Every structure is written in structure tokens, then in C-alpha cells.
Amino acid sequence: MRIIIVPGWRDSGPGHWQSLWAEQLAGAERVQQDDWITPNRQAWVASIARTILQQDEPVVVVAHSLGCIATAHLPAEAVEQIQGALLVAPADPERRAVLSDFAPVPFQKLPYRTILVASSHDPYCPVRLAGAYARAWGSEFVRLQDAGHINTESGHGEWPLGMTLLQSLAGHAGPASSGHNPSIPELSSLPFGSLNTA
């Protein structure tokens, strides 16, 4: 199964967990955008869709920040090829004018399994809104305590919890489930800080 890495606004730098995973995961494809600074929804969504449709097998999307919102905007032909998605620290495009082209955010259930990870202290999106995204999209919700934007600045380099979640997702990807994956609550016993599932 192919991993498609979808960075957010301003891309993910060399120390970011997305960049490290792109180097570590065999066959991972990283989406490239022509303009990382002034993002255009149509162009971003087209780049993600094109990357997905170029694959000859089902994909698991690993998106961060604005990449999560762009993923929610994907057209049906790209969505059909997605088997699962790890959506980390989704952005609120209404909080910054430069991201406003991505509003309104789609609030319909995604037809593939998703895990949404959000922080209780994210400067780019209130955790309450992230929870609303999770409910609307049908995502399993992992809430981290005081984890910032879950990026390099908040100390998330290798981010082993994220890799564990990705492995769980890739191993059980498929149609969106109506219940919770029993493996997710067990993660609270791992040494990655406090987390809650909903």
C-alpha cells in the first residue's frame, strides 16, 4: 500500500516528522505544491489528486495541518483510491486570511477510515473545532495534551506515536468503520504523553 504524504502551509521542513517519514518509508510519495506560501485550493487539491491517481495501488494519506483540509476537498475519483488517512493537527482556514480559499471546510463523512490527531493547545486550530472535524468526517479522534501544532517547533521530530497510528491504520485500512479500532485506546499506555480517544 502506497503512503502519500501531504504537507500543510509552508511545507514541512527537514526535521519535521513528515520529512523524516518520507525518507524512511519505502515507496512513500510526497505531494509537491507550486506555491507553499500563498496556497490556492484548486491548485493544491489538484496536486494531491494527481499524486494519488498516479499510483497503481490503493493509498494511505498522511496529512498535516492545511493538508488535512485539502484532503477533505478531494474529488471523488481520488477519494476512491484512498484506503485510509492519518490527519494530523488540521488547520482552521478561517483563522488566517491567507488560508481562506480552503473555507468552508467540507463537513461530510469520509468514505475511508481516518484517524484525526489534534492537540489541546494548537495555535492554528482550537481542539474543539478539531473534534468537530473528527465527528463530521467519521474519524477516530486522538487528543494530545499540550502538543502544539504537532510539528518541529513543538518537538515532534521522529514522532513514534504517529508512526504507531500509521501502522495501525495501514494494517486495518478500508471503509470507514462505525466503531473504534480497539488498538487505539491501548496507545495510552505508551510513553508518548497524555492522550485521549473519543
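## Overall fold

The protein chain carries 6 helices and 7 strands, and this is a predicted model. Reading from the N terminus, the order of elements is β-α-β-α-β-α-α-β-β-α-β-α-β.

Of the 198 residues in the protein chain, 52% are buried. Take the contacts between residues at least 6 apart in sequence: 76% of them join residues at least 24 apart. The accessible surface of the chain is about 8700 Å², and carbon and sulfur atoms account for 50% of that.

## Inside the protein

The largest nonpolar core has 39 residues, and those touching the most other members are Ile52, Val61, Leu66, Leu74, Leu87, Leu116 and Trp137. Several elements give two or more residues to this core, including strands E1 (2–6), E3 (59–64), E4 (82–88) and E5 (113–119).

Leaving out residues up to four places away in sequence, Val61 touches Ile4, Val6, Ile52, Thr71, Ile82, Gly84, Ala85 and Leu86.

## The cysteines

How many disulfides are there? The count is 0, taking a disulfide as a pair of cysteine sulfur atoms within 2.5 Å. For Cys125, the closest cysteine sulfur is in Cys68, 9.3 Å away, so the gap is too far for a bond.

Are these two cysteines buried or exposed? Cys68 is buried, at 1% relative accessibility, and Cys125 is also buried, with a relative accessible area of 2%.

Technical notes:
Residues numbered from 1 in each chain as written. Predicted model: local features only at pLDDT ≥ 70, side-chain atom pairs only at ≥ 80, totals over all residues. Heavy atoms only, no water. Helix = DSSP H or I, 4+ residues; strand = E, 2+ residues; numbered from the N terminus. Buried < 20%, exposed > 50% of the residue type's maximum accessible area, 1.4 Å probe, protein only. Contact = heavy atoms within 4.5 Å. Areas by Shrake-Rupley, 256 points an atom, 1.4 Å probe, with all protein chains shown as cover. Core = buried A, V, L, I, M, F, W, Y, C linked by side-chain atoms within 4.5 Å.
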